[in-house]
Amino acid sequence: MQLRELQSQFSAEILCGENTSIQTLVEQRGFQAKQRISVYRNNIFATLTETLSNIFPVSCAMVGEEFFNSMARIYIRSHTPDSGNLHDFGEHLPSFIESMPELSNYPYLSALAEIDWACHQAFHSVSATALDISSLGDFSPDNYEDLQFEFHPSIHTVKSKYPIFDIWDFATSNGHADTIPNIKSEGQQVLIHRSKSGVKVVNIEDELFQMIKSLREHKTLGATFTSTLDLNPEYNLKEGLNRLFSFGVVSTITVKRSIVHQ
Amino acid sequence: MVTHPIPADSVGIGLRGDHCEYVAVNKPSVDWFEIHSENYFGQGGAPHDWLRQIRQDYNLSFHGVGLSLGSTDDLNVKHLERLKELIHIYEPGLVSEHLSWSSIDGIYLHDLLPLPFTKETIVHLASRIERVQDMLGRTILVENASTYLEFSHSEMSEWEFINEITRLSGCQLLLDINNVYVNACNHQFDPIEFFSKISPSVVGEIHLAGHTVKNLPEGTIRIDTHDQRVCDDVWHLYEAVANRFHAAPTLIEWDKELPEFSVLMDEANIARSYRQEMQSAAA
């Protein structure tokens, strides 16, 4: 058998449990070919399952290790790793969770997994400087409307119709949280970012979520303020902006260049 | 930054994430550290902050587990380019990979999978190694893998296979003594004969690690788990071949069920004492 055929069949045997002709090529020596191949299958599934439980620790704790591991086995088969770097594995787990009818008892689990994944990404993301609010002083107030922000590469936001921050806080507090969150209460938004002291998950109001979303789309500060006030005319923009800078997630500020027609 | 090559009589330790802070802060007396290259494929954050700090005081070896050298897929150039960037940043003394495959049809199984010892495999693998060496602009080491099965259409022994690969590609061998022992037990050959067939001039590094013995009704199978101390039989083999492979530095590997750092220091000291015994016997 040619090497390419051998590798394809070995992979099918591992992932699909198919009885391929690879079995006829394995020296038995006391063991069945199937048993020898299953050593590899066990190693592979153990490595990939452990990778997922390490990357999604909060989701895993929420559903319990046994349930998480059986879910992981299905995920591994349906979303096989496509990178030689294990840290890339698990990107589609949040959407996979959302699509699983067996998980209807955990309607918030997909958002929780998204936060886990964002924390993992934030941990490994490139470092960048953090500006504080005084950096706005470098610009003339006449330009404020036209300012555009670049964010720290670790930043990620998650919006859920469930009280996702309270659930996250409960799941990560090792039982020290005061109350069990009521999943029927209002939805929440979280901001995930990495600061000098590590990866943070913070609860943000919907208006700030909107501000960050708009600025990340490279809309100007003026346009962002307008869309935020559309959401809530009473919102205190100055306080929101202060809070945004206090997270240390703004890394550069520029003035949008007007397009000059000649 | 320490720039001299990793000395022949030195003993390094495999560095894992959980020990980085301890090492960076306490600067323990260790000759050098080996990291898994892929653990630093991320662009920043704590892993790189610690490694930069550690690199100030120690030489490094980069040990890859994800390049899938033996795969018949196209070489993963993106993976290799990231490795090259990291080599440029950290200037490791050694760069190594495995004599195995881990991916096919774009699917990565993330295990060191066995290859048939055939002429076809040799031609394929040697040309892949040559390409990697050309792209990296340096000689790499390839490690003999632990295996749990052998292919009946193999045309030669593992050592003949290894010797052909190193001869054709010009790469060096990372001789894992534990893996030779695991294979010798699993496939019933004499490990001493294996070592006698490997030319000392191609061995650029030695690995030592612990493995797991799995007893099944049909017999015993040894699995390369890297989750415990080096076993006595492997230490005896190390002692037996220390003289033959005296030009290669030694590494203690431990990947799972990571113990206190002092346990790894202890294992490194045992390796060092075998080396010193060998040297004083020779003097």
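## A covered strand in chain B

In this predicted model, strand E8 of chain B, residues 172-176, is mostly covered, since 4 of its 5 residues are buried. A residue is called buried if 20 or more other C-beta atoms lie within 10 Å of its own, exposed if 12 or fewer do, and partly exposed in between, with C-beta atoms placed from the backbone. Helices (H or I, at least four residues) and strands (E, at least two) are DSSP runs numbered from the N terminus.

Two strands pair with E8(B), where pairing requires that DSSP finds at least two bridges between the strands. Strand E7 of chain B, residues 141-143, runs parallel to E8(B) and is joined to it by 3 bridges, with B:Val142 standing opposite B:Leu173. Strand E9 of chain B, residues 203-208, also pairs with E8(B) in the parallel sense, over 4 bridges, and here B:Leu174 has B:Glu205 as its bridge partner. E7(B), helix H5 of chain B (residues 158-169) and E8(B) make a right-handed β-α-β unit; right-handed means that, with the strands pointing away from the viewer, the path from the first strand over the helix to the second runs clockwise.

Residues are numbered from 1 along each chain as its sequence is written, while chains are lettered from A and ligands numbered from 1 in the order in which they are written. Because this is a predicted model, local features need pLDDT of at least 70 and side-chain atom pairs count only at pLDDT 80 or more, whereas totals for chains, interfaces and linings use all residues.

For the complex, the predictor gives an ipTM of 0.95 and a pTM of 0.94.

## Where the chains touch

How many residues of chain B are in contact with chain A? There are 40 of them, and they meet 37 residues of chain A, a contact being two residues whose C-beta atoms, placed from the backbone, lie within 7 Å. On the side of chain B that touches chain A, at least two residues each come from helix H2 (46-57), strand E5 (101-104), strand E6 (107-113), helix H4 (119-136) and strand E11 (219-223) of chain B. The largest share, 6 residues, is that of E6(B).

## Two residues with positive phi

Most residues other than glycine have a negative phi. B:Lys27, although not a glycine, has a positive phi of about 45 degrees, and its place is in the loop between helix H1 (17-26) and strand E2 (32-36) of chain B. B:Asp105, which is not a glycine either, has a positive phi of about 55 degrees and is found in the loop between E5 and E6 of chain B. B:Lys27 is partly exposed, with 13 other C-beta atoms within 10 Å, and B:Asp105 is partly exposed, with 13 other C-beta atoms within 10 Å.

B:Ser10 is found in the segment before strand E1 (11-14) of chain B, and it counts as buried because it has 20 C-beta neighbours inside 10 Å. Leaving aside neighbours within four places in sequence, B:Ser10 is in contact with B:Asp31, B:Trp32 and B:Pro249. The C-alpha atoms of B:Ser10 and B:Arg272 are separated by 7.6 Å, although these residues are 262 residues apart along the chain.
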